[in-house]
Amino acid sequence: MGSFGGNLKEYYDIAIIGGGPAGLTAAIYARRAGLTALVIEKAIEGGAVTQTHVVENWPGEISIEGQALGQKFADHAKHFGAEFHYAFAQKVYVEGDYKVVELDDGNKVKAKVVILATGTEPRKLGVPGEAEFRGRGVTYCAACDGYLFKDKDVVVVGGGDSACDESHFLSKIVKSITMVQNLPYLTAAKVLQERVLNNPKIKVITNHIVKEIRGTSKVEEVVIVNNDTKEEQVIKAEGVFIYVGLVPQTQIFKGLVDMNDYGYIITDENMETNVPGIYAVGDIRIKNLRQIVTAAADGAIAVEHAAKKYF
């Protein structure tokens, strides 16, 4: 796919890498500030929200399909004249007063300001059946997909804050939950652990790993293995919720901007990194709450600051 609305220009005031809620909000604010804006998106405009079945926590929409909401973000940005180009950003570097973004289709874009908005991906288990049954029982978001498993038996993989928090949430919807944790203990905050351990709908199995997810057209069972005895156990389940961490998509920015040991980018309250004119917004930056609403806020804050400081 080519760029939206004409040919790719050599220079933009603001180049935004990533077309999710953070990047698209940045594009809307950039255009409203009278700045030229390019959104560089590798796959689907709207970002990861488009893989969410239903969103019920975006203000103003009591319930909306993730794909529809993602499309609304993109249409809004296009309405104000943001340009779109579909490619992978391969490299970003500083050249004098400008930043240069090299794309995998051979194009290069110069910009005064670059906004990094590449998001995160759920960490995968990497076991047989995981990829095959994604969207057919395997999911990484209880808030998105929990309602699909009303009164069904499910497995939650993980023992940290997210796994415990989402299990507590799911327990109001599903028939039963079996939590599978690879360590001999849960690692979540005590209050979250207690919620899980005191919930009659939740059974916790520690010191086990998932070996395989099996089924025909959808998930039917999960094979787990005891770390010590190597004994296998089969759990009947129609859903598998995986919470073994997130992976920030920041590999290409290593060495460019400061980040922590996990690859999350360090910013100030204006979303600016240690490199002047390079901002990071949304799920890739160090923050407490990763939600559509906070991603959108990040995009707005970054552009508002950049517009005053650099233009």
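I looked up an open sheet of three strands, whose order is 14-15-16 with antiparallel pairing; strands are DSSP runs of E of at least two residues, numbered from the N terminus, and two of them pair if DSSP finds at least two bridges between them. Its edge strands, each pairing on one side only, are strand 14 (208–215) and strand 16 (232–236). I noted that neighbouring strands of this sheet are turned by 25° against each other on average, direction ignored, with axes taken as lines fitted to C-alpha atoms.

The model is predicted, so local features need pLDDT of at least 70 and side-chain atom pairs count only at pLDDT 80 or more, while totals for chains, interfaces and linings use all residues. Residues are numbered from 1 along each chain as its sequence is written, and side-chain values use heavy atoms, with hydrogens and water left out.

I then followed strand 15 (residues 219–226), which runs antiparallel to strand 16 and is joined to it by five bridges; Val225 has Glu232 of strand 16 as its bridge partner.

Next I turned to the nonpolar cores, meaning sets of buried Ala, Val, Leu, Ile, Met, Phe, Trp, Tyr and Cys residues joined through side-chain atoms within 4.5 Å, where buried is under 20% relative accessible area (1.4 Å probe, protein chains only). The largest core holds 36 residues, and Ile14, Ile16, Leu69, Phe84, Ile115 and Tyr279 touch the most other members. Helix 6 (292–310) is among the elements that each supply at least two residues, and its eight residues are the largest share. Apart from this core I found another, of 23 residues, including Ile40 and Val257.

Methods
Helices (H or I, at least four residues) and strands (E, at least two) are DSSP runs, numbered from the N terminus. Axes are lines fitted to C-alpha atoms, for helices over the stretch in contact, and angles run from 0 to 180 degrees between N-to-C directions. Buried means under 20% relative accessible area, exposed over 50%, partly exposed in between (1.4 Å probe, protein chains only).
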